[in-house]
Amino acid sequence: MTIEIDPVFDEPVIVVSNETKALVIADVHLGIEWDLYRSGFSIPSRMKHGLERILGYIEQVSPERIILLGDVKHNVPQISWQERDEIPYFLSMLCDHAMVDIFPGNHDGGIEYLLPERKNITVHPVRGSIIEGVGYFHGHTWPDPALLSAKYIIAAHNHPTIRFTDSLGYATVEQSWIRTHLNLQVMREHFTSMDLQEENGSWNDPELIIVPSFNELCGGVAFNESLHDDLLGPLFSSKGVDIDNAEAYLLDGTKLGKLKNIRKMEESRMRPSKRKRKGARK
């Protein structure tokens, strides 16, 4: 069966269809309001607002599974009272509509203590796994080598955005989807025990799709202003991801083109601090 990957128009979620239909959501960061409160910002909980949005997606696309691609919770290393109160309820509500798969992120320590009882929830390994031909992992670790045989790998963690700045310094930041490929040579250097060849199926030149954050309070990383060292996770810092030829899309479906071309635009210049860092590495 052909794998179909379709973003939900104007929303930071995608639908992956193969044998079953999966709704993929990343970086929900439940409990972030408690962390902001400790920093001096009083914001009411937005869990119910987020849940209503997701229930709306479920009504729209009727998924058979819901994939939470890491950072379901926010606070590390502890579990806040807000998370203990909200996450079991949140997950229980999702389970009433579909099976739930959790791919733990770097904020998800202790998530196993917050799972509601007798619900259809699967917590996958931190380095990810393959579901119906598609590889999933959060992105804060190296992927499981099995993912390299997939046609697609879907990751999160960096909260991708595109920032445009006008001549007066006013900046507009838009959430974005990033689609690119991995660097085979870097993969061979890291996964030394594997013979990564297209012929034997251990390397399928997978397309890497980096999804935006669901929680709008999390901020994001401007990919058009970032170098490999500015991005999060060993896959990026090792130059294992082809950033220059990565293509960026806005949530409304607008194709912005390759990052190397977007960077040439006057409105997309690197900020002075990053230009200085780039020059220092030459």
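Mentor: Buried means under 20% relative accessible area, exposed over 50%, and partly exposed in between (1.4 Å probe, protein chains only). This is a predicted model, so to speak: local features need pLDDT of at least 70, side-chain atom pairs count only at pLDDT 80 or more, and totals for chains, interfaces and linings use all residues. Residues are numbered from 1 along each chain as its sequence is written, and side-chain values use heavy atoms, leaving out hydrogens and water.

Trainee: Is E83 buried or exposed?

Mentor: E83 sits in helix α3 (81–95), ten residues from K73; helices (H or I, at least four residues) and strands (E, at least two) are DSSP runs, numbered from the N terminus. Because its relative accessibility is 0%, E83 counts as buried.

Trainee: What does the side chain of K73 meet in a salt bridge?

Mentor: K73 is also at 0% relative accessibility, so it counts as buried. A salt bridge needs a side-chain nitrogen of Lys or Arg within 4 Å of a carboxyl oxygen of Asp or Glu. At 3.9 Å, N to O, the partner of K73 is E83.

Trainee: How far from D27 is the nearest side chain of opposite charge?

Mentor: D27 lies in the loop between β3 (21–25) and α1 (32–38). Lys and Arg count as positive, Asp and Glu as negative, with His and the chain ends not counted. D27 is buried yet has no salt bridge, and the nearest opposite charge, K73, is away by 12 Å.

Trainee: Which residue's backbone nitrogen lies 3.4 Å from a polar atom of the D27 side chain?

Mentor: Beyond four places in sequence, D27 is in contact (heavy atoms within 4.5 Å) with residues including L69, H138 and N215. The backbone nitrogen at 3.4 Å belongs to H157.

Trainee: How many residues apart in sequence are the parts that E216 and R46 tie together?

Mentor: E216 forms a salt bridge with R46, with the closest N and O atoms 2.4 Å apart. E216 lies in the loop between β12 (207–210) and β13 (221–222) and R46 in the loop between α1 and α2, so the pair ties together parts whose separation in residues is 170.

Trainee: Which is the partner of K255 in its salt bridge?

Mentor: K255 is partly exposed, with a relative accessible area of 49%. The closest N and O atoms are 3.5 Å apart, and the partner is E247.

Trainee: How many salt bridges does the count come to?

Mentor: Among them is the pair of E216 and R46. By this rule the count comes to eleven.

Notes. Polar contact = N/O pair within 3.5 Å; in protein donor to acceptor, adjacent residues only side chain to side chain.
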